[in-house]
Amino acid sequence: MNKKIKNIKKFQLVGIEKRSDMFSHACSNMMMRGDGKSNIIYGDCFKKENTEKVKSYKPTVAFLNPPYQDGNSDEQLEFVENALDCLEPNGTCISICQMSTTVSDSSSVIAVKERLLKKHTLEATFSMPTGIFHPLSVNTVIIVFTAHKPHPIDKKTFFGFFRDDGFIKTKNMGRVDRDKKWSDIKKRWLDTYFNKKSIPELSVTKIVNQSDEWCAEAYMETDYSKITPLDFEKTLKDYISFKFLNSD
C-alpha cells in the first residue's frame, strides 16, 4: 500500500494554475505536506498544449473549484467541461460551483449544459451549506459527472439537499464540528447517495435535461409529518403581518 501511495503522489497528481501567486502557493504547499512531486503546470488550463500534457497522465479523477464571480455561470461550467475532456473514459469529475450554474435559464448556461450531456453523464448534484466558504456567503452545489459517456435520456440523476452538515459558525475559528455531528451525517449522506435513496427533504432522483434545474430544491418532497399546528399558526401570523405592513 505504501508503494502505491508513493506512486500516486509522484506520478498521478497533476494540476494547472494560471495565477503566479497561487501556482507558487500550490507547489510549496504540496512540498511541505509531503504530497510528492509537484506536477502542477503553470499556465492556462484551456490552452491545447496544457490540456494535452494533462491528458498524457491519463487522469481518471478531476477535482475543481472554478473561479466565481457574478454572471459567469457559463464560464464555470466551461471549466467543468474542460476537465471532463481531459479525463479517461469513465473517469469521474467532481466540481463545486455556484448554485447559479445549475438553475440559471440563460441561453449561454443551457448551451454548455447541453454540450455536457451530449458527451458526459450527470450522476449527481449536492446542494451545499451556505457557509461552506465562510466568511463569504455563497450558495454552492457539487456536481458529479462520469466522463465520455453520453447522458442517457432515461437516466435518473441523484439530487442531494446536503445543507446541514452539523458544523457551527464561530467567531474566531470559522465553521467547526462543535457538537460532533459530522461523522453520523457523513455516513447518512454516503449511504443515501451510494444507494440512490429518495428521502423527503434530503434527496431525490429525477430524469433531467439541459433545460431543467439541476438541484435538489426543485424536486424534493416535503416531509409533512414534521408539520405541526404551530407551523400553520406562524405562517398565518407572518402573512397577516405582511399584508398589514404593505397595505395602502
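Let me start with helix α4. Its buried residues are Ser73, Asp74, Gln76, Leu77, Val80, Glu81, Asn82, Ala83, Leu84 and Cys86. Keep in mind that this is a predicted model.

So α4 is mostly covered, with ten of its 14 residues buried. What do those buried residues pack against? Three helices are α3 (48-56), α5 (100-103) and α6 (107-119). The strands are β3 (61-64), β4 (92-98) and β6 (140-146).

Now the geometry. α4 runs over residues 73-86. From first C-alpha to last, the helix reaches 21 Å. That is close to the 20 Å expected at 1.5 Å a residue.

Next, the cysteines. Cys86 is buried, at 9% relative accessibility. The closest cysteine sulfur to its own is in Cys45, 8.0 Å away.

Which cysteine has the closest sulfur to that of Cys93? Cys97, at 8.4 Å. Again, too far for a bond.

Last stop, Ile227. This residue lies in the loop between β10 (203-207) and α8 (229-245). Is Ile227 buried or partly exposed? Partly exposed, at 35% relative accessibility. Now look back along the chain to Gln210. Ile227 and Gln210 are 17 residues apart. Their C-alpha atoms are separated by 34 Å.

Definitions and conventions
Residues numbered from 1 in each chain as written. Predicted model: local features only at pLDDT ≥ 70, side-chain atom pairs only at ≥ 80, totals over all residues. Heavy atoms only, no water. Disulfide = S-S within 2.5 Å. Buried < 20%, exposed > 50% of the residue type's maximum accessible area, 1.4 Å probe, protein only. Helix = DSSP H or I, 4+ residues; strand = E, 2+ residues; numbered from the N terminus. Expected span 1.5 Å × (residues − 1). Contact = heavy atoms within 4.5 Å.
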